[in-house]
Amino acid sequence: MKKIILLLICLFTCLQANAKQLKFAQVTDTFYSSDKPHTAQILDWSVRSLNLKNPKFVVFMGNNIARSKEKDATEFLKTIKSLKMPYYVAFGNYDAHEVSGLKKEEFWSLVKKYNKNNSSKTGYYTFSPNRDILCIVLD
């Protein structure tokens, strides 16, 4: 039993020693709205801060806009386009709404228009920041 525990400790230590650091940023629930100027100020500040911190990539995890409207989505995407690193966008329930706003396909076509990193045809996609890591984005 002592040998097994010692082996596990050694294995964990070896794995930890070979681990590489990956600095990335995750942004969620920005609720950008063209009707609320403070949301534009916060988003601008966030982009400037991210550019200073220089993570390997940024993932916007959804609820990026407050209303599922083309104007808000376009302004949000234009603002984050000034990021100096790759960024990826995931859907949130506020971003696309079949009944009262943009359909998922419409939102996604805007994302692809402003972001060369999102080349997928849907909100389900993968990307690899390096050869050892695979990130999966689900709708």
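Predicted model: local features only at pLDDT ≥ 70, side-chain atom pairs only at ≥ 80, totals over all residues.
Residues are numbered from 1 along each chain as its sequence is written, and side-chain values use heavy atoms, with hydrogens and water left out.

Helix 2 itself covers residues 37-53; helices here are DSSP runs of H or I with at least four residues, strands are runs of E with at least two, and both are numbered from the N terminus. Its buried residues are Thr39, Leu43, Ser46, Val47, Leu50 and Asn51. Looking down the axis of helix 2, you'd find these within an arc of 130 degrees (taken from the directions from the axis to the C-beta atoms), so they line one face. "Buried" means under 20% relative accessible area, "exposed" over 50%, and "partly exposed" in between (1.4 Å probe, protein chains only). The face turned away from the buried side carries the exposed Pro37, Gln41, Trp45, Arg48 and Leu52.

Now for the salt bridges: the structure holds 3. Each is a side-chain nitrogen of Lys or Arg within 4 Å of a carboxyl oxygen of Asp or Glu.

| Pair | Closest N and O |
|---|---|
| Arg67 and Asp35 | 3.3 Å |
| Asp72 and Arg67 | 3.0 Å |

Asp35, Arg67 and Asp72 are linked in a network. Asp72 counts as buried, at 0% relative accessibility, while Asp35 counts as exposed at 53%.

Definitions and conventions:
Expected span 1.5 Å × (residues − 1).
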